[in-house]
Amino acid sequence: MSNVNTVVFTIVVVLFVLVTFIGFAAARWRRAEDMLHLNEWGLGGRSYGTFIGWFLLGGDLYTAYTFIAVPALVFASGSIGFFAVSYTIMVFPIAFIFLPRLWSVCRVHNYITPADFIRGRYGSRGLSLAAAFTGILSLLPYIALQLVGIQAVLTVMGVGTSSNNKYVEDIPLFVAFVVLAIYTYVSGLRAPAAISFVKDTLIYVFVIVAVFYIPTRLGGWSHIFGTAQTHFAAINPETKKPNGTFIPTSKSIGSTQFDFATLALGSALALFLYPHTITGALATKRRNVVKRNMALLPAYSVLLACIALFGYMALTDKTTAAEVKKAGNTQLAVPYLLQHMFPSWLTGISFAAIIIGALVPAAIMAIAAANLFTRNIFREFFKPDASPRLETRVSQWASLVVKFGALAFAVWLPHTFAINLQLLGGVWILQLLPMLVGGLFTRWFHRWALLIGWAAGMIYGTIAAYNVSSPTSSHWASSTDIVFGHSVYIGVTAVVINIAASVVLTLIMKAVRVPAGADETLPHQYTADPVDAPAPEPAGVGASASD
């Protein structure tokens, strides 16, 4: 580690130790009578108000994908990377409509996961299992992507790069994730909720400073935009095509306008279907808290727009662009930019913010995946009489398995593979739209129709994404494909197939009178605002109904 900047390394270590202390201390924050209950360990006691909820959801939604992958996409391809800004503007009005309804019915029935709601709404263990499987599957590459973000920072810092041994090189990453795993095991959702205060404060500081300071060193915004426009208009000698697009084109084939629009819409519909975002929402204490946060969270969209502009800054800075090209990894664009532009002390703060910004959502994602396994697989199919304490213990251990599975995923698979699979995660999670969001407003859909529609969307989306190739990758190269002469986000096409199959098959199922399953919810429960969650149901209650 002789090439590591001592000031940067020291600041990163000090801030990491600080959040580690906060993570362990969080177990005593709003201390519960019994932490061995999923309402406490997995949902923080369902007690967070507007202020804490805002930081928790912000820490939940704005991940290493935000800080590393979005500006990297802007750096590599141009305007298409700004779809992330558009979808975070669209998502909150959409979530404002359905998320309070989900919060209310989950509060009344003590549902812990979205699959719990689907189980109760349709009386279908099969549909619940499909939802749990999809949620866990979509979260694994998402957690791995957080580790890719941490690795990008460690690489630029020079930590571990002096060794040719892969295991020695990744020791800092292992240490960071082991610490994360332990304090999450102990403190549950309280740990990322507490750490999110530090994370968001650091991020706002370094992003605001960067937006005002870095352009002064690069000739101003007009020069930055001019350089980016010239670069993307230039023809790449290898592909014989422009390097990217500064403004989305309107060509009928490979139209980036369709890419942009469908990616933004599909991602907006998918964001609050992810189990970790629902976990953050269910942890709040009142229905109005959810509504207020949907109104306040767009402030993060302004932050995201600023972060996306880092991609153009990195292109303009010749030193950063050369280092990224030499490394052959666009994920390093932002770390290299910050290292070159900032003084050492501010670089240390920025790198620590990115690392912590990856650890917070990784913890929430692992908790959400563990809750899905415990409630909708372990309890439903293996231990119907599981006590709340056993459920929590299983969830704690499951969260460890998920974290270390994602760690192995990030360490041994190519980073581009992890990023592409994260995009595939969006395709997968969108297939819950008809059963989850549709179920919040109507019971018209038949459970078997929804299950078959889900399978059709999952199969089509996975195969279509697998078949997308590029000059550098034979499979999983992108999340868009050509449909009817236009480049369209595969997730949108797949969910359209899903909905169409669900509608047609529901009509058929109703016509032949296939049993629809029992609905344990009532209309008024979707607008209820109980102060306290109900006591947990006795072990085994409601576990006998099946498809």
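I count a salt bridge where a side-chain nitrogen of Lys or Arg lies within 4 Å of a carboxyl oxygen of Asp or Glu. The model is predicted, so I take local features at pLDDT of at least 70 and side-chain atom pairs at pLDDT 80 or more, while totals for chains, interfaces and linings use all residues. Residues are numbered from 1 along each chain as its sequence is written, and side-chain values use heavy atoms, with hydrogens and water left out.

**Entry 1: salt bridges**

I looked up the salt bridges and found nine in the structure. One of them joins Asp116 to Arg375, with the closest N and O atoms 2.9 Å apart. I placed Asp116 in helix H6 (residues 114–122) and Arg375 in helix H19 (residues 344–382), 259 residues apart. Helices here are DSSP runs (H or I, at least four residues), numbered from the N terminus. I noted Asp116 and Arg375 as both buried. For burial I use relative accessible area: under 20% is buried, over 50% exposed, and in between partly exposed (1.4 Å probe, protein chains only).

**Entry 2: Arg121 and Asp519**

I next checked Arg121, whose side chain meets that of Asp519 in a salt bridge at 2.6 Å, N to O. Asp519 lies in the segment after helix H24 (490–511) and Arg121 in helix H6, so the pair ties together parts 398 residues apart in sequence. Arg121 is buried at 7% relative accessible area, whereas Asp519 is partly exposed at 28%.

**Entry 3: Arg286 and Asp529**

I found a salt bridge between the side chains of Arg286 and Asp529 (2.9 Å, N to O). Arg286 sits in the loop between helix H13 (275–282) and helix H14 (287–296), and Asp529 in the segment after H24, 243 residues away. I have Arg286 as partly exposed at 29% relative accessibility and Asp529 as partly exposed at 27%. I also traced a network in which salt bridges with shared partners join Asp116, Arg375, Arg379 and Glu391.

**Entry 4: nonpolar patch**

Which helix gives the most to the nonpolar patch? I found that helix H9 (residues 171–187) does, with three residues. The patch lies on the surface and is formed by Phe24, Val178, Ile182, Val186 and Phe404, with about 370 Å² of accessible area together. Such a patch takes residues with over 30% relative accessible area and no salt bridge, nonpolar side chains (Val, Leu, Ile, Met, Phe, Trp, Tyr) being joined within 5 Å. I take accessible areas from the Shrake-Rupley method with a 1.4 Å probe. Val178 lies in H9 and is partly exposed, at 33% relative accessible area.

Methods: Patches are made of residues with over 30% relative accessible area and no salt bridge: like charges are joined within 9 Å, nonpolar side chains (Val, Leu, Ile, Met, Phe, Trp, Tyr) within 5 Å. Helices (H or I, at least four residues) and strands (E, at least two) are DSSP runs, numbered from the N terminus.
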